[in-house]
Amino acid sequence: ALNCLVPVQYPLTNIALRCYQLAVIFGIIYFTYRLVWQITRSWWLAIAVVLIAYSRYEFFHISLAIDRPDTYQLLFVLLSLLYAHRFWVEGQPGTWFFAVFFAAFAFASKYSGHLLTPVLLLTWIAHWRRPETQLAYPTRWKYWGAGIALFGLSIALIYPFTFSVSSPYHL
């Protein structure tokens with residue numbers, strides 16, 4: 001009924017979606033390189049990991065299927081890990097927000113972003129054990145109470161956020 005009112009150019013839409021999907025694949029490859037380089041500080045090792053990880057031909061067949069959420073999940077998992085590592089190293093609150101935000105998007109894209117929760121927990125513990133963080137709280141019970149409450153609230157954002165994002169995978 002609505003299709004007769006709105007003209008749709010299927011070939012043009014297909015080309016646009018393929019170009020968008022290729023941009024997502026480029027982002028996956030680039031952020032994989034950035035994550036490995038950020039951890040190892042070795043550009044040749046980062047290139048080797050990217051070439052080995054994405055040289056299988058099945059990767060492109062799966063990722064170029066427009067209706068599959070796997071590529072978006074991989075992109076959001078990589079971004080969450082990238083920001084979680086930056087938070088681990090630098091301890092900036094903004095990087096923690098982005099790590100949790102992208103973990104929520106990974107969960108929204110394919111119901112398995114909750115697998116990032118142990119990684120986020122380890123990152124949070126590493127940050128929370130820093131001396132400058134410990135000095136910010138006068139007593140131990142405030143220190144531990146605030147740490148548990150802040151981590152719990154951060155993780156609790158993932159699940160409600162997931163169901164507020166309209167993903168085609170959820171329909």
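This is a predicted model: local features need pLDDT of at least 70, side-chain atom pairs count only at pLDDT 80 or more; totals for chains, interfaces and linings use all residues.
Figure 1. Leu120 itself belongs to helix α6. Its relative accessibility is 1%, and Leu120 therefore counts as buried, the cut-off being under 20%. His85 lies 35 residues from Leu120 along the chain, and the C-alpha atoms of the two are separated by 9.4 Å.

**Figure 2. The largest nonpolar core.** This core has 33 residues. Those that touch the most other members are Ile28, Trp96, Leu120 and Ile158. At least two residues of the core are supplied by each of α1 (10–40), α2 (43–54), α4, α5 (93–110), α6 and α8 (140–164). Helix α4 gives the largest share, namely nine residues. In soluble globular proteins, nonpolar side chains tend to be buried together.

**Figure 3. Surroundings of Ile28.** Ile28 is one of the residues that touch the most other members of the largest nonpolar core. When residues up to four places away in sequence are set aside, Ile28 touches Tyr54, Phe59, Thr71, Leu74, Leu75 and Leu78.

**Figure 4. Packing of helix α4 against helix α6.** Two packed helices are described by the angle between their axes and the distance between the axes. For α4 (residues 70–90) and α6 (residues 117–128), the angle is about 15° and the axes are 9 Å apart. Angles under 35 degrees count as roughly parallel, and α4 and α6 are therefore roughly parallel to each other. Their crossing is left-handed. On the α4 side, the residues that meet α6 are Ser80, Leu81, Ala84, Phe87 and Trp88. Their counterparts in α6 are Val119, Leu120, Leu122, Thr123, Trp124, Ala126 and His127. Sorted by class, this contact of α4 with α6 has nine nonpolar residues, three polar residues and no charged residues.

**Figure 5. Thr123 in the contact between α4 and α6.** Thr123 is located in helix α6 and is among the residues of α6 that meet α4. With a relative accessible area of 2%, Thr123 is buried, because this value falls under the 20% cut-off. Apart from residues up to four places away in sequence, Thr123 touches Ala84, Phe87 and Trp88. Ala84, Phe87 and Trp88 are also among the residues of α4 listed in the contact with α6.

Figure 6. Tyr33 is part of helix α1. Its relative accessibility is 24%, and Tyr33 therefore counts as partly exposed. Once neighbours within four places in sequence are left aside, Tyr33 is in contact with Trp43, Ala46, Ile47 and Val50. Tyr33 and Ile47 are 14 residues apart in sequence, and in space their C-alpha atoms are 6.4 Å apart. Tyr30 likewise has its place in helix α1. Tyr30 has a relative accessible area of 36% and is partly exposed. Between the C-alpha atoms of Tyr30 and Val50, which are 20 residues apart along the chain, the separation is 8.6 Å.

**Figure 7. Arg41 in the loop between α1 and α2.** The loop between α1 and α2 contains Arg41. Most residues other than glycine have a negative phi. Arg41 is not a glycine, yet it has a positive phi of about 60°. The relative accessible area of Arg41 is 56%, which means that Arg41 is exposed, the cut-off being over 50%.

**Figure 8. The protein chain as the setting of the close-up views.** The protein chain has eight helices and zero strands. From the N terminus on, its elements follow the order α-α-α-α-α-α-α-α. The chain has 171 residues, of which 36% count as buried. Among contacts between residues at least 6 apart in sequence, 66% join residues at least 24 apart.

Methods:
Residues are numbered from 1 along each chain as its sequence is written. Side-chain values use heavy atoms; hydrogens and water are left out. Axes are lines fitted to C-alpha atoms, for helices over the stretch in contact, and angles run from 0 to 180 degrees between N-to-C directions. Helices (H or I, at least four residues) and strands (E, at least two) are DSSP runs, numbered from the N terminus. Angles under 35 degrees count as roughly parallel, over 145 as roughly antiparallel, 65 to 115 as roughly perpendicular and the rest as oblique. A crossing is left-handed if the near helix is turned anticlockwise from the far one by less than a right angle, and right-handed if clockwise. Contact means heavy atoms within 4.5 Å. Ala, Val, Leu, Ile, Met, Phe, Trp, Tyr, Cys and Pro count as nonpolar, Asp, Glu, Lys and Arg as charged, and the others, Gly among them, as polar. A nonpolar core is a set of buried Ala, Val, Leu, Ile, Met, Phe, Trp, Tyr and Cys residues joined through side-chain atoms within 4.5 Å. Buried means under 20% relative accessible area, exposed over 50%, partly exposed in between (1.4 Å probe, protein chains only).
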